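Hi,

Here is the structure I promised to pass on.

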Amino acid sequence: MRLLALSEEITSVVSRDLKACGIQLIPYGKQAEWTRQKVDGVLLTKEASQGAWEEALPVLSATPGLLLLYGPSIPYGWAQRLVDNSDGDEAWEVVRMALVADGEKALIGGTADGFWVRTLCRSLAKSQRVSLVCKAKEVDEAVRQLPLYFVWKERFFVELGEVCDQEGISLQTVARAMGMDRRVGQDWLYPERLDHRRVMQWIEREGRLVAEKSNVHRVALWGPAVLWREMDKSWLQGKEVCLVTQEDESIPNDIFPEWTTNRTWEKALKDADLLVIGKPDGIIRGLPLHELVLCMKQAIVLDACACFPLQEARSLLHSYRAIGEKTNVWE
């Protein structure tokens, strides 16, 4: 399936996702480079592109095709408005699509017996993806509610972690036991948070405890700057702080005037006394613990994302603290 990408800012993530679903994107360039015979429809990733689509209609031919709305910038209800404003049988078939479960499943919003809905479902099936066909607005609602549910679920387990701390038991073990019920599942940490405050409060509390019990001079914070803006940074006063981030973002000097930033973890962790993990990535999840120990001055780790196996962390690190896990801590 070939779709004309009207938006000038199609991200690499969108292109990768659609390619994995069997959808090839044709860039919107000179009109002579594409005709209606070369594409099956149009991809819209933001509402501002609707004008470009309407302008391109004469060139795209009078025969309607697929109008696919996909991406994180699709406004709530936009797909349904396009359907409501369509001109009957000759209108373009509007489909709202969203990938869930790490891209393994798809929500398809459109007419159940629509030609392009069925074509999309077949294309997704070829790439081993299960589809759920429903109304476009139902896809919007699911997309809106999923992050809120994950935030609620994470908040539950963070509060459960406090109980596990008081009882001297392991949150990960309790969560794994609860996850044997398929209604709960094994995954409870949600890295793409909408609200970081609760996790930041936990990090601040545990960071102050580390500062009281250990001689900490250099601190490495692993995660994007947006995380640490929501944290009370007074416990870091007088300490050398380095941000370890793999994301392309500007770090405002007025927010972190005395902090340094490094993309190379070896340099950021060199001679560090404390590592605080606020958001994981592929590097930290795959980092051998013995290399981390060799790099740091004191191997003290506060981990809000449970990146490391508990037994290995207990045996190799000086101190390792994860939510609901009091392993070899300083009490």
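Let's start with the cysteines. Cys-134 counts as buried, at 18% relative accessibility, because buried means under 20% relative accessible area (exposed is over 50%, partly exposed in between, with a 1.4 Å probe and protein chains only). Cys-21 is buried too, with a relative accessible area of 1%. The disulfide count is zero, where a disulfide is a pair of cysteine sulfur atoms within 2.5 Å.

A word on the background: this is a predicted model, so local features need pLDDT of at least 70 and side-chain atom pairs count only at pLDDT 80 or more, while totals for chains, interfaces and linings use all residues. Residues are numbered from 1 along each chain as its sequence is written, and side-chain values use heavy atoms, with hydrogens and water left out.

Now the aromatics. There are six aromatic pairs, counted when ring centres of Phe, Tyr and Trp (its six-membered ring) lie within 6.5 Å; planes under 30 degrees apart are stacked, over 60 edge-to-face and the rest tilted. Phe-156 and Phe-157 have ring centres 5.1 Å apart and planes at 90 degrees, so they make an edge-to-face pair. Phe-156 is partly exposed at 37%, whereas Phe-157 is buried at 3%. Ring pairs also join Tyr-149, Phe-150 and Trp-152 into a cluster. Tyr-149 itself is partly exposed, with a relative accessible area of 39%.

One last thing: the charged end of Arg-144 sits over the ring of Tyr-76, 4.0 Å from its centre (the rule is NZ of Lys or CZ of Arg within 6 Å of the ring centre and within 35 degrees of the ring normal).

Cheers
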